[in-house]
Structures are given as C-alpha cells and as structure tokens.
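Please find below a note on the structure under review. The points are numbered and are meant to be read beside the coordinates.

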Amino acid sequence: RGADVPAGPTDAGSAVTLDTDKAVPNAVDRGGINPIDMTTPQLNTIVPVKLMDSLAGGRSAISTAQQFLSQVSVANSSGFPRFGGSSGAENRYYVNEFDVTNDRNGYGLTGIPAEAMATSQIIDDTASARYSNALGGSMAQTVKQGTNDFRFGYDLYYTPPLYSRLMEKSPAYRYPDGSYYSYPNGSREGLFDQFLWVSGPIVRDRLFFYVLDRNNPEYTRKSVNTTGTQQTVSTDKLNAPLVNLTWNITDNQQLNVMGERNRYSTYSTVYDLPTRYDTSQRNQRSWSNPQNLQRLLIGNYYWNINDTMTLSVMGGYMSTWALTPTSTSGTDAPYALQYAVDDRSSQSIGASASPNSLLPSTYFKRGSRAAFTWTPGDHQIMFGAENYDVGFNNLSISGENGNYAYHQYTKDTTLPNGVVIPANTPYVQAMYRKSGGAFTEGGIHAPRL
C-alpha cells in the first residue's frame, strides 16, 4: 500500500507519515491451517517541509533518507544512500512524479533545491509496481505551490570562511626530512546561499504561482599543493531560478507546470610558485572553466472523475549541458607541429593549442506517465503506463580545423597509404578523427495493474 502524493503542499505541521503493510499469519482452526497472507510490505515515509527545516543534517532528498530510515547507510565511494545493502547507484529519484535520476551512470539527479520542496517521500526497496525500476530505494519530492495568500521572503544560509575563527586550520604534518605530507593552508571566502521567493494568486481560487530565485554571489577558494610548488585559485558562480504554476481548471481538475534552470560554473587558475609555499609571487601555468547548465520542465494533470475514479497524467523533460574550456583547448584555427629531422623533437607552429574541437557534452531525458484508479467499494484497481526516452551526445572531433604535422626522415619512409617518401624529403601529414556522437534509447514500460 503506497501513499499517492500529488504535486503540491501538504499540511506543514503534520508529523512523519508511516504507511506499512505486514505479513500476518491467520489463526489455526480445527479444520486446518489457513494460508499466510504474503502481501509485500512497503514502507513510505513522508517528511513535510517544516520537519525538513528542523533536521540536523542536510535537507536534500538524499540527506532526508539517511536520517529517517534505519536500514539506509551511505555508500563509501559515492556518498549516495544504500537501501538494505543495495549500492548507491540502484536508487531512483522523482520530482512531481518525473524520474530525474541521471541514467548515464545511475548516480545523482537533476533535483530541486530544498527551499522549493513541499514534501520529501522515501520509499524503501520493497516498493510497489509504480517504482518497480528501483532496485534500491526511491525518493520522491513535490514542489511548493501558490495559494490565495500573497507571500514573499528572503532566506540566507551562511558558511563561515574556511580557516576562520569558527573553522580553525588543521595542523600541518611533515616527513622526517622536514617536507610536508599534509599542508592545510587552503582558504575559502564565506559562502552565501541565498533564496528570494514569492507566491500567491494570479486569479483567486483558480490560478496560482510560486517563484524561487537562487542567485549566489561569487566566492573564491585557494589552495597550495603539498610540495608548495603550485597554487590553485577557483571562483564559483551559481544561478537557479524556479517557477511553479497551478491552475484549478474546475473543482475536480488541476494542471500544474514547473520549470527550473540551473547554471553553475567554476573558473580555476593554476599558478607556479618560484619560492615554495610563497604565494606573493606566482606565474600562471594553466586555467580551466567548467560550465554546466541543467533544465527541468514537468507538467501534471489530475482529474477526480467521480467519487470512485481518478486520472493522473504526467509529462516531463530534463537536460544537462556541460562544456570545459581550458588553456589547452582547441580553437577554430589550425593545429600544426613542426618536427625536427627523424622526429627528434617538435614544436607547435599553429594558431591553436590543440587539434581537438571544443564540444559540449549533452544529456536529456523525456518521459510521460498516465495512471487510472478505480475504487469500487473496498477494492482499488490502478492501471497505468509510462514511457521514457534517454539520449546523450559525447562527440569528439580532432582535426576539424586542420591538424598538420611536418616531417623529414634520413631514410625512405612508407606512409600508411602505401606512398614511399624518399630520404631527406620534407612532407606534411594531415589527420582527421571523429568518434562518439548522439545516442538515444527509449522504450515503453509494461502497463501496470
């Protein structure tokens, strides 16, 4: 027996809801032993937003599961929860009924900030058919909705600077020869995690909105490696707006549409230190600029047909875009190497630092689900179907803008195409390579009764 939680808020002051079936043997009578009820138990824990705010640990779906279920542990290598001994890659994560699990590797999710959660539902590993593709546990979140009351607020979470009076520096440790094997001299500015939100009616009793903007100021981290020869300086930026619209079409029908965009980037620079551990003088060695963009769009339709029949329909789409420019990334200019005689050495003579094209890695998932529930008397029959399509693109191209190598050998040379180059004859070799590309996989899950 599973708790069906539609998108939207619940009573914020309610306690944790436990919904459990247990296999209980029937009594023995004089005519024989009655069959034992072997109904599969399912444990659902629903945590409302006010209770999540009071948790000692984090407020994410992962942290909530670890704090409320005794059979949940933390996978050593991944940090994701393990239900009843399963691995951290066997869980599923849902937002407003849409599966937001990262199916490229099974780890992680495209979730929503805890500030936007209305409820967090934890389903153990003996889930119903609705969560049959979870070998571990399932965690389902719902998003806050607007009401007839106009509300707004600003929430700020502050993390003190690393190695400040509130976060003291760990001691340094040395080898017997005096060199460091632990040199904790890194630093980090104070981190502001801030949320500006507003909610209320657009049309009273019919159309509502909830808007959340997570826009954090830049903050910088600095560290020196153990040998004291390099310093890394990184600056992070985050912006993640979210909008949720709710339309009460009639007293028995509701449409909910939620959209989120999460943009995160880091700019890191590595410096060489002429004097070990002295950062007052430094020379730039390299830089990198990882950029990530996540999008999430989910729609839910609910219809209470009559006192015994309900229909719910869900459709969703999510995507991830990632690009990592570096100081050695390729540009739109040609890449060329000039080799000395017999390839004794080489030097770059092209305008590009790499022959590889700078291309993003992309991932997307789109899915839909419909469920019809009929409750005739003391019975309940649910029939549903869902479909998910998953795709990603990791295209790699080398030499698209030209990749040339200039050679000269003191002996005759046979090229891969069979051409023989006489000794002491300069020649140029052009190369092009392409691998990877788009991959899409989809399928219809079996209808569930």
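1. Where is the place of Asn-424? In this predicted model, Asn-424 belongs to the loop that runs between strand 29 (420-421) and strand 30 (427-430). Its phi is positive, near 60°, in a residue other than glycine. Most residues other than glycine have a negative phi. Asn-424 counts as partly exposed because its relative accessibility is 48%, a value between the limits of 20% and 50%.

2. A positive phi also occurs at Tyr-277, where the angle is about 70° although the residue is not a glycine. Tyr-277 is placed in the loop between strand 18 and strand 19 (283-288).

3. Strand 18 covers residues 253-272 and includes Thr-269. Is Thr-269 buried or exposed? Thr-269 is buried, because its relative accessible area is 8% and the limit for burial is under 20%. Leaving aside residues up to four places away in sequence, Thr-269 touches Gln-231, Thr-232, Val-233, Gln-284, Ser-286 and Trp-287.

4. The model holds 7 aromatic pairs. In one of them, the ring centres of Tyr-158 and Phe-192 are 4.8 Å apart and the planes stand at 45°, so the pair is tilted. This pair links distant parts of the chain, since Tyr-158 is in strand 11 (residues 151-159) and Phe-192 is in strand 15 (residues 191-203), 34 residues apart. Both partners count as partly exposed: Tyr-158 has a relative accessibility of 45%, and Phe-192 has 34%.

5. Tyr-409 and Tyr-427 form a further tilted pair, with ring centres 6.3 Å apart and planes at 35°. Tyr-409 lies in the loop between strand 27 (403-407) and strand 28 (413-414), while Tyr-427 lies in strand 30, so the pair ties together parts 18 residues apart in sequence. Tyr-427 is buried, at a relative accessible area of 13%.

6. Two placements of a charged side chain over a ring should be noted. Arg-282 lies over the face of Tyr-271, at 4.0 Å from the ring centre. Lys-365 lies over the face of Tyr-388, at 5.7 Å from the ring centre.

7. How many cavities of 30 Å³ or more are there? The count comes to 2. The second largest cavity contains about 40 Å³ of space. Its lining includes Thr-331, Ala-333, Pro-355, Glu-400 and Asn-401. By class, the lining of this second largest cavity divides into 2 nonpolar, 8 polar and 1 charged residues.

Technical notes: Residues are numbered from 1 along each chain as its sequence is written. This is a predicted model: local features need pLDDT of at least 70, side-chain atom pairs count only at pLDDT 80 or more; totals for chains, interfaces and linings use all residues. Side-chain values use heavy atoms; hydrogens and water are left out. On a 1 Å grid over the protein atoms alone, a cavity is a set of points where a 1.4 Å probe fits but cannot get out, and a pocket is an open set with protein on both sides within 12 Å along at least five of seven lines; lining residues have an atom within 4 Å of a point. Grid points are joined across faces, edges and corners, and a volume is the space filled by probe spheres set on the points. Ala, Val, Leu, Ile, Met, Phe, Trp, Tyr, Cys and Pro count as nonpolar, Asp, Glu, Lys and Arg as charged, and the others, Gly among them, as polar. Helices (H or I, at least four residues) and strands (E, at least two) are DSSP runs, numbered from the N terminus. Buried means under 20% relative accessible area, exposed over 50%, partly exposed in between (1.4 Å probe, protein chains only). Contact means heavy atoms within 4.5 Å. Rings of Phe, Tyr and Trp (its six-membered ring) pair if their centres lie within 6.5 Å; planes under 30 degrees apart count as stacked, over 60 as edge-to-face and the rest as tilted. A charge sits over a ring if NZ of Lys or CZ of Arg is within 6 Å of the ring centre and within 35 degrees of the ring normal.
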